[in-house]
Amino acid sequence: MKKPYKGPWVFRSFLFVPGHKASFLRKASRTNADAIALCLEDAVPVREKGNARIMVKQFLTEGCFESKPIFVRINPMETGLTLRDLEGVACEDLDGFVYPMAKTPDDIKSFDAQLSLIETQMGLDKNHFSIVVLIETPLAVLNAYDIAKASERVIALLFGCEDYMAEMESRHSHHESSLFVARNLLVMAARAANIVPIDTPYVSIRDLAGLKRFAMEGRDLGMAGMLVMSPSQIEVVHSCYTPKREEIDYATDVVKAAESAEKEGHGIIVVRDKFISPPTLKQSIRLLENCMNIKKYEEF
């Protein structure tokens with residue numbers, strides 16, 4: 001029986017896999033992705049959704065994903081398939097669900113109530129299932145903070161740019177400038193709610209140079225990781241979202257200098273000829289905590 005994972009959550013790479021493809025599911029289970037979402041929604045044709053539920057449940061209960069947190073992307077409530085998805089795949093071996101096309105906090109509150117009912121029926125602990133919310137529309141972007149706070153189950157906001165761009169009537173542009181505002185707002189909402197911001201995927205699977213550029217831009221905005229569409233993207237994404245040795249060394253020096261200054265009663269901290277302000281110290285502490293979280297995650 002897979003032990004449930006309850007954080008701290010790390011989503012440098014969040015691999016999405018079609019739930020009706022056994023070969024894809026098997027391959028995904030052998031990757032080093034931080035977390036995996038088995039998809040019952042857009043990636044699965046309507047005629048295959050029943051088979052996908054059966055296959056996902058089988059892979060879960062057979063322990064194929066024991067070594068990593070695992071989620072299922074269900075169909076949103078307006079499709080009428082949500083409850084069928086939950087009844088088909090919910091089990092103790094599942095860590096949570098990705099809820100797509102959320103537009104308002106009420107969407108998440110209703111989904112939370114359904115999860116509570118399922119947990120009671122299955123004899124699982126309260127809040128056994130976590131929620132990653134897909135933010136895919138302009139309305140959802142504007143409501144992102146309230147959505148993040150709609151349920152204590154919500155552990156992350158995940159940006160989905162394709163539906164967002166369709167509603168915005170925008171286009172992919174140089175350095176994704178058309179996504180800049182939405183990515184920023186999602187990061188701010190998630191960080192303000194103290195949950196994880198996850199970036200939209202980079203859909204040009206073979207363009208690893210473009211992927212690296214996109215991932216570094218997301219990291220600089222404050223994203224904690226991104227959705228990946230192929231195992232071939234994982235190594236590049238991890239290299240971008242894992243703190244570098246020089247960053248770790250500098251953060252360590254900052255924290256040690258601050259500790260020494262406090263003991264000696266000094267109010268001014270200088271590290272490598274730079275004055276260190278309280279925000280710099282705070283950021284250094286968080287970077288080192290992030291390194292510890294990644295280590296714990298990889299040992300799960």
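Q: Is S284 buried or exposed in this model?
A: S284 is buried, with a relative accessible area of 6%. Keep in mind that this is a predicted model.

Q: Okay, and where does S284 lie?
A: S284 sits in helix α12, which covers residues 278-298.

Q: Which residues is S284 in contact with, leaving aside its neighbours within four places in sequence?
A: Those would be A251, V254 and V255.

Q: What about L287, where is that one found?
A: L287 is found in helix α12. Its relative accessibility is 22%, so L287 counts as partly exposed.

Q: Why "partly exposed" for L287?
A: Because buried means under 20% relative accessible area and exposed means over 50%, with partly exposed in between. L287 comes out at 22%.

Q: Which residues does L287 touch, not counting residues up to four places away?
A: L287 touches P243, E247, I248 and A251. A251 is also on the contact list of S284.

Q: How many Å separate the C-alpha atoms of L287 and T252?
A: They are 9.3 Å apart, while along the chain the two are 35 residues apart.

Q: Let's switch to helix α10. How many of its residues are buried?
A: Six of its eight residues are buried, and the helix, residues 234-241, is mostly covered.

Q: Which ones are they?
A: The buried residues of α10 are I234, V236, V237, H238, C240 and Y241.

Q: Strands next. What is the relative accessible area of V132?
A: For V132 the value is 0%, so V132 is buried. You will find V132 in strand β5, residues 130-135.

Q: Which residues does V132 touch, not counting those up to four places away?
A: Among them are the phenylalanines F11, F14, F71 and F97. V132 also touches V98, Y99, I155, A156, L158 and I198.

Q: How far apart are the C-alpha atoms of V132 and N75?
A: The separation is 13 Å, and the two residues are 57 apart along the chain.

Q: Now salt bridges! How many does the structure hold?
A: There are 13 salt bridges in the structure. As background, side chains of opposite charge can pair when their charged atoms come close.

Q: Which residue forms a salt bridge with R153?
A: R153 pairs with D112, and their closest N and O atoms are 3.0 Å apart. The pair links distant parts of the chain, 41 residues apart. R153 is in the loop between α6 (144-148) and β6 (154-159), while D112 is in helix α4, residues 105-122.

Q: Are R153 and D112 buried or exposed?
A: Both R153 and D112 are buried. These two are also linked with E119 in a network of salt bridges.

Q: What about E217, which residue does it pair with?
A: E217 forms a salt bridge with R213, with the closest N and O atoms 3.3 Å apart. Both residues lie in helix α9, four residues apart, which is about one turn of the helix.

Q: Why does one turn matter there?
A: An α-helix has 3.6 residues a turn, so residues three or four places apart point the same way.

Q: Are E217 and R213 buried or partly exposed?
A: E217 counts as buried at 19% relative accessibility, whereas R213 counts as partly exposed at 25%.

Q: Which residue does D220 form a salt bridge with?
A: D220 pairs with R219, and the closest N and O atoms are 2.9 Å apart. D220 is exposed, with a relative accessible area of 57%, while R219 is partly exposed at 26%.

Q: Last topic, the surface. Which residues gather in the patch of negative charge?
A: That patch is formed by D42, E162, D163 and E167. D163 is found in helix α7, residues 161-168, and counts as partly exposed at 31% relative accessibility.

Q: And which residues make the nonpolar patch?
A: L142, F180, V181, L185 and M188 make a nonpolar surface patch of about 510 Å². Helix α8, residues 180-192, gives the largest share, with four residues.

Q: Where is L142 found?
A: L142 is in helix α5, residues 138-142. L142 is exposed, with a relative accessible area of 69%.

Key:
Residues numbered from 1 in each chain as written. Predicted model: local features only at pLDDT ≥ 70, side-chain atom pairs only at ≥ 80, totals over all residues. Heavy atoms only, no water. Patch = residues over 30% accessible without salt bridge, like charges linked within 9 Å, V, L, I, M, F, W, Y side chains within 5 Å. Areas by Shrake-Rupley, 256 points an atom, 1.4 Å probe, with all protein chains shown as cover. Salt bridge = Lys/Arg side-chain N within 4 Å of Asp/Glu carboxyl O. Lys, Arg positive; Asp, Glu negative; His and termini not counted. Charge placed at Lys NZ, Arg CZ, Asp CG, Glu CD. Helix = DSSP H or I, 4+ residues; strand = E, 2+ residues; numbered from the N terminus. Buried < 20%, exposed > 50% of the residue type's maximum accessible area, 1.4 Å probe, protein only. Contact = heavy atoms within 4.5 Å.
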